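Hi everyone, thanks for coming. Please have a look at the model on the screen, and then I'll walk you through a few places in it.

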Amino acid sequence: MSVETKLPPGPNLPTFVQGIAFLGARPRSLQFLQDRYGSEFTLHIPVFGQTVVLSDPALIKQLFQTSPAVAGNIKPNLGRVVGKGSMFNLEGEAHRQQRKLLTPPFHGKRMHNYEAVIEEEFRRESATWPVGREFDSIGPMTRITLNAILRAVFGAEGAEFEELRKLLPPWVALASRLAALPEPPVDLGPWSPWGRFKKARRAYEGIIDRLVEKALADPNLSEREDILALMLQSRYDNGEPMARSDIADELAALLAAGHETTASTLAWAVERLRRHPALLERLVEEANEGGSELRQATIWEVQRTRTVIDFAGRNVLAPSLTLGEWTIPHGTNIICAIRLAQSNPEYFPDPHRFDPDRFLTGKANTAALIPFGGGTRRCIGAAFASMEMDVVLRNLLRDFDVATTTAPSERSHFRGVAYSPADGGKLKVSRKTAVTRPTMWTESQGSRQTAH
């Protein structure tokens, strides 16, 4: 029996034209289409096919609450480049069990241990910062977040760490571009984009295999709290361990998603604070007093106004899915336009104003704030990323005087993984002569919960 469908309106342009606009100028093209068609519209784009775009937070919330049996992950997704055993690729019960195994490392007491790692990486990197002249903050922030996630995943440093530090950034950038492109039907050779990707993937798998062997040979494996050790010791509901190939795929997903987006958000935070001196002054005062509420509100506002990942997606697995007045057929991709949703004036009055205080008054509706996605596919590392941004900004505010600027706001630039400041998030600092470092983990953790 055929299912009667009702799709939102959309442009009649050729598929390849819609694809060029979607890939090459997505923020502007989606804003234009929303202005023309409303908060829901339908696209036909290469690779993704028929795609419904949502920007109404109420409908996005409804989609996120839909059963995974009805709406799974968008297809294609990063699973095609990070591996079929990663949570990006898994559906249904397999996804639920994998997520259950990977949730413990990102919650509870272990987060306190990660905080010390991040603070150490910040101090090591910031010791090299020039004083009194501008420099791009995106590079240092990327090194901090990459080193932090590597140490959280593997627990210690060594030769393999150096290999991964060199391998991951260009591989992640290349993989994110290829994830939305069709793989050529013939092998174009080792110097083609897909050839370079596969070569890097083989190198990555070799490094992971050596690290797994070292971990299994460690007599103190059961006492370790790094993510690799926990994965090797974890068991599914039936008592089976994770397959080594699945471990490699899942670690690829964690490493790929665990540093670039956070670094881009931190670079945007630098860019915003330098242009809001009154806010910067309040944040410095709060950091020196051991508080964190305004800092957490600032992180949320940076994520709201400077969207790093601009969409989360689903694919209709059931015969159809009803969202509001629309009935969307099986196989259709649905994209939640995060940037548009977080600029909705109904939820965020004067949405283009940078105003962290909106998250202190209790008036802002956080149902429309979805930088980590939502539902059963919400970013599993969201708590880790939020804590990491908090620690880096806290130490920056305590250790350095950040110079403000009257320069125009930096434009947004798509780096292949995330949208970051086009000029790199320019930073200019001087070192403080005396630094007060109150230990406020418990209070700051509580403030984080309040800020959420």
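When I say helix or strand, I mean DSSP runs, with H or I of at least four residues for helices and E of at least two for strands, numbered from the N terminus.

Before we go further, a word on what you are looking at. This is a predicted model, so local features need pLDDT of at least 70 and side-chain atom pairs count only at pLDDT 80 or more, while totals for chains, interfaces and linings use all residues. Residues are numbered from 1 along each chain as its sequence is written, and side-chain values use heavy atoms, with hydrogens and water left out.

Back to Ala159: is this residue buried or exposed? Ala159 counts as exposed, because its relative accessibility is 52% and the cut-off for exposed is over 50%, with buried being under 20% and partly exposed in between (1.4 Å probe, protein chains only). From Ala159 to Asp218 is 59 residues along the chain, and their C-alpha atoms are separated by 17 Å.

Now the whole chain. The chain has 17 helices and 13 strands. Its radius of gyration is 22 Å, close to the 22 Å that the globule rule gives for 452 residues, so the chain is as compact as a globular protein of that length. That radius is taken over C-alpha atoms, and the rule is 2.2 Å times the number of residues to the power 0.38. Along the principal axes, the C-alpha trace spans about 75 × 55 × 45 Å.

What share of the 452 residues is buried? Buried residues make up 54%. As for contacts, meaning heavy atoms within 4.5 Å, 74% of those with a separation of 6 or more are between residues 24 or more positions apart. The accessible surface comes to about 19900 Å², and carbon and sulfur atoms hold 55% of that; the areas come from the Shrake-Rupley method with a 1.4 Å probe, and for residues only the protein chains shown count as cover.

Let's zoom in on Asp390. This residue is found in helix H16, residues 382-399, and Asp390 is buried because its relative accessible area is 0%. The side chains of Asp390 and Gln296 are joined by a polar contact of 2.8 Å. By polar contact I mean a pair of N or O atoms within 3.5 Å; within protein, one must be able to donate a hydrogen and the other to accept it, and residues adjacent in sequence count only if both atoms are side-chain atoms.

Next stop, Arg431, which sits in strand E13, residues 429-431. Arg431 is partly exposed, at a relative accessible area of 37%. Which backbone oxygen does the side chain of Arg431 reach at 2.9 Å? That is the backbone oxygen of Ser126. A polar atom of the Arg431 side chain also lies 3.3 Å from the backbone oxygen of Ala127. Leaving aside neighbours within four places in sequence, the contacts of Arg431 include Trp129, Asp399 and Phe400. Leu23, by comparison, is 408 residues from Arg431 in sequence and 41 Å away in space, C-alpha to C-alpha.

Now some backbone geometry. Most residues other than glycine have a negative phi, and most peptide bonds are trans. Val47 has a phi near 75°, a positive value in a residue other than glycine. Val47 is in the loop between strand E1 (40-45) and strand E2 (49-54), and is partly exposed at 34% relative accessibility. Asp350 has a positive phi too, about 50°, and is not a glycine. Asp350 lies in the loop between helix H15 (338-341) and H16, partly exposed at 43%.

And where is the cis peptide bond that has an omega of about -5°? That bond joins Lys75 and Pro76, with Pro76 in the loop between strand E3 (71-73) and helix H4 (79-82).

Thr361 is partly exposed at 48% relative accessibility, and its side chain reaches the backbone oxygen of Arg358 at 3.4 Å.
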